[in-house]
Amino acid sequence: MSTSDPVKFVAGRSLWQDAFRRLLRNRMAVVGAIVTLLLACIAIFAEWVVPVDPTYQELHHRFGVPGQVHDTTPERLFLVEGERTSFPPLRYRGKGTRHFRFLVQQRIATGVHVHLSARSKKVRKIQLTRIDSLPESVERIEVRGDREVFRHGKGEEEVTVLDKEIVLGEKLDDVFLPLLSRASRGRQKLVLNQVVRAETNQTLTFDLESDQTVRGLRIDNQTVATYDLVGRLVQEVRRDGKPFQHRHLLGQDMHGRDLFSRLVFGARISFLIGVVATLVSLFIGVFYGAVAGWVGGRVDSFMMRVVDILYGIPYMFLVIILMTSFGRDVRVMFIALGAVQWLTMARIVRGQVLSLKEKEYIEAARASGGGGFWILTRHLIPNTLGVIAVYTTLTIPSVILQESFLSFLGLSPEWQGQPLESWGALTWNGIQALGTGQNWWLLVFPAMTLAITLFSMNFLGDGLRDAFDPQMKGRT
Amino acid sequence: MNPEKSSPLLRVRGLKKHFPVHEGLFRRQTEWVRAVDGVSFDLYSGTTLGLVGESGCGKSTLARLILRLLEPTEGQVEFEGVDVSGVSMREFRSVRKDMQIVFQDPHASLDPRMTVESIISEPLRIFGLNQRKERRWRVLELMDLVGLDPAFLKRYPHEFSGGQRQRIGIARALALEPKMIVCDEPVSALDVSIQSQILNLLEELQERLGLTYLFIAHDLAVVRHISDIVAVMYLGRIVEMATASKLYESPQHPYTQALLSAVPIPDPEIERKRKRILLEGALPSPRQFHPGCSFASRCPVVDASCRSTPQTLREVTESHRVACHLVKTS
Ligand SMILES: Nc1ncnc2c1ncn2[C@@H]1O[C@H](COP(=O)(O)OP(=O)(O)OP(=O)(O)O)[C@@H](O)[C@H]1O
Ligand SMILES: [Mg+2]
């Protein structure tokens, strides 16, 4: 053939493409894949999906019925001297200007510090951009910047917040207060030291502008001085001054928290535990199995005997022991669940490597001068990847289920002392709530979500297995 | 062709491979499988040695020993006059270029996740030979050489028939321009109609490229035309070795005679008159050690001394060697 011939190469169909085609033909697997992907997206973008902060308690609407629509209830606060109270975040996320309404119910004698703290990574500033007040009764608003200590990722920092006194009757549009002058991580506080002399039932609205999406803007109420304030309400309002309305699609729980939002965040936790524990098992199992299979002989039989022995241990028992003795930290759970799951992974990878090792194309590569590294990277890894991928997708739902089971036993994982409310924990809460009345939705929705997820993932995993390894069809 | 004049390209002396057998719970080594048990032969440049034997007699093991895919228990392999059996793997790398192998199973010998291009170019990539672009031309050249449509460059092995796959395997073996190719039953897995195509291709390539073949097969019919010298193997040993014409015309060893009698002859007249020698029993386990002739258990002409007399290859007529003490030297 002369080298100037134009040649049209017929692109072949690789085994991956082939497997993908077979997967697409499996309707259940496709549905499973779509549902799984959707749930994964929801878990990743939870902040953007939820209508309200999942921790926001609307105590007026405990056990709210699914589908109910109502205004965001203002928070009623009874301040006790020296005690710190916090208003939960109202709207979960926000960028740009947000409007707040502050209802003064009774006379405020002295200053009240309102701390705004935002959970976000890159907020550079939060500005108070506008304060409206009712001129007749509010004598003076003093926005005073104390020297405040800000805690962020790199340590503590002292920042002087601008002082500004707003005299009544003055145009309030340009009043602003930079929160932080530079990029800062972690919790940030804005001190709005207001000395409001108001008689009663006055409304004060103020706008806050942030340069980044702020998650969970909290308004902490901290008193520094004596006061005789009895009750106030704070509410985040829409631009037109009306309160936000929430539809509690799946109802509210015993603390008036939105179940839908809680499920969305529960997805994140359940998925995270499923994926991380699976990755742990993947890491150990692939390495262990590959070594056993590749080295072979006595080393292999010893390593596999160890796996057999570990298989014999009642693993749930082991996980429970680990979690009760080392605490309920998620990391303990990751290690405990991953340490159990790797056994099967190791077996599968070992079997695969063992059978691949005998393949003539490995010998052909050796005959052509290919060393161990070449064979590992060009032949062994590409040929085991499919099986590993399949098994991984089957492991994730099983880990999720196990975690739910543990949460169900009351062993829900914690992170830095805070319980992580996975779907399992929500289901458990639902069961507990059942005892207190007709709160079926608190059990049914989490349980259904969990079931749908597990079904989808298993359908996807089975479909992948059938697609990658048609001979394996029907076998476990 | 006069092979005796030059020195051989490949010289195998007393090659042995004994595999340990591990048994029981603790995998204690209990026995040895004498897969190859003292094989010697010379292979001259440009010629073909046909190696024939039943399944399990150690043909593939012998091939792997020569290519050092396995380490021999004993014996030497000399390539171009240099003993390569003792050298380090690093030094042996340069010999790899000159010695390639075509495998029996065209399904198992091609990585299913690689395209034809990456399969054929793998040896080139391992040795870092050509640049990317040149490499493609080299691959296309090789495909053309073995009769594959260059348009299939980007296809995967499972999209080909057995014969085409074997051509891919041959192209891969040719990539490094080797002097010798070990063909380990290259046609056994193929349909009879395709077998001859591949055999013709191999013969053609030998002529064009001056290749030397060690051609392994499990039946005598296949190696007849392609071989200059034929060696018959039984339980890890060569029992008879002669030029192809001599071996087919006057087989001396009872085993060879039995094998030949099983080869069908196209002429029905001769076929009917021919006497068939049926071998009794299966191939004995290669684990046993036979002090005498290993074929004694199935030999139709066995006598009392066979089981105790060690058999060695000896020349009975010019370039015809047999390992049977019953065969008279002429
Ligand atoms: N790695 C090994 N470990 C133990 N025994 C082996 C090993 N490889 C081969 N054997 C044994 O050595 C003997 C010869 O095997 P070999 O593969 O060389 O036979 P063969 O002549 O190529 O047969 P076939 O025609 O079936 O390919 C067989 O009994 C086989 O079981
Ligand atoms: Mg073989």
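How far from an N or O atom in the side chain of B:S60 is an oxygen atom of ligand 1? The separation is 2.6 Å, and the protein buries 63% of the 640 Å² that ligand 1 exposes when taken alone (Shrake-Rupley accessible areas with a 1.4 Å probe). This is a predicted model, in which local features need pLDDT of at least 70 and side-chain atom pairs count only at pLDDT 80 or more, whereas totals for chains, interfaces and linings use all residues. Residues are numbered from 1 along each chain as its sequence is written, chains are lettered from A and ligands numbered from 1 in the order in which they are written, and side-chain values use heavy atoms, without hydrogens and water.

Around ligand 1 there are 14 residues, of which B:S55, B:G56, B:S60, B:T61 and B:E185 come nearest (a residue is near if one of its heavy atoms lies within 4 Å). A polar side-chain atom of B:S55 lies 2.5 Å from an oxygen atom of the ligand, and a polar backbone atom of B:G56 is 2.7 Å from an oxygen atom of ligand 1. Within the shell, α1(B) gives the most, with three residues.

Turning to the interface, 39 residues of chain B are in contact with 34 residues of chain A, contact meaning heavy atoms within 4.5 Å. The rule finds one salt bridge across it (a side-chain nitrogen of Lys or Arg within 4 Å of a carboxyl oxygen of Asp or Glu): A:E363 pairs with B:R64, their closest N and O atoms being 2.5 Å apart.

Note on methods:
Polar contact = N/O pair within 3.5 Å; in protein donor to acceptor, adjacent residues only side chain to side chain. Helix = DSSP H or I, 4+ residues; strand = E, 2+ residues; numbered from the N terminus.
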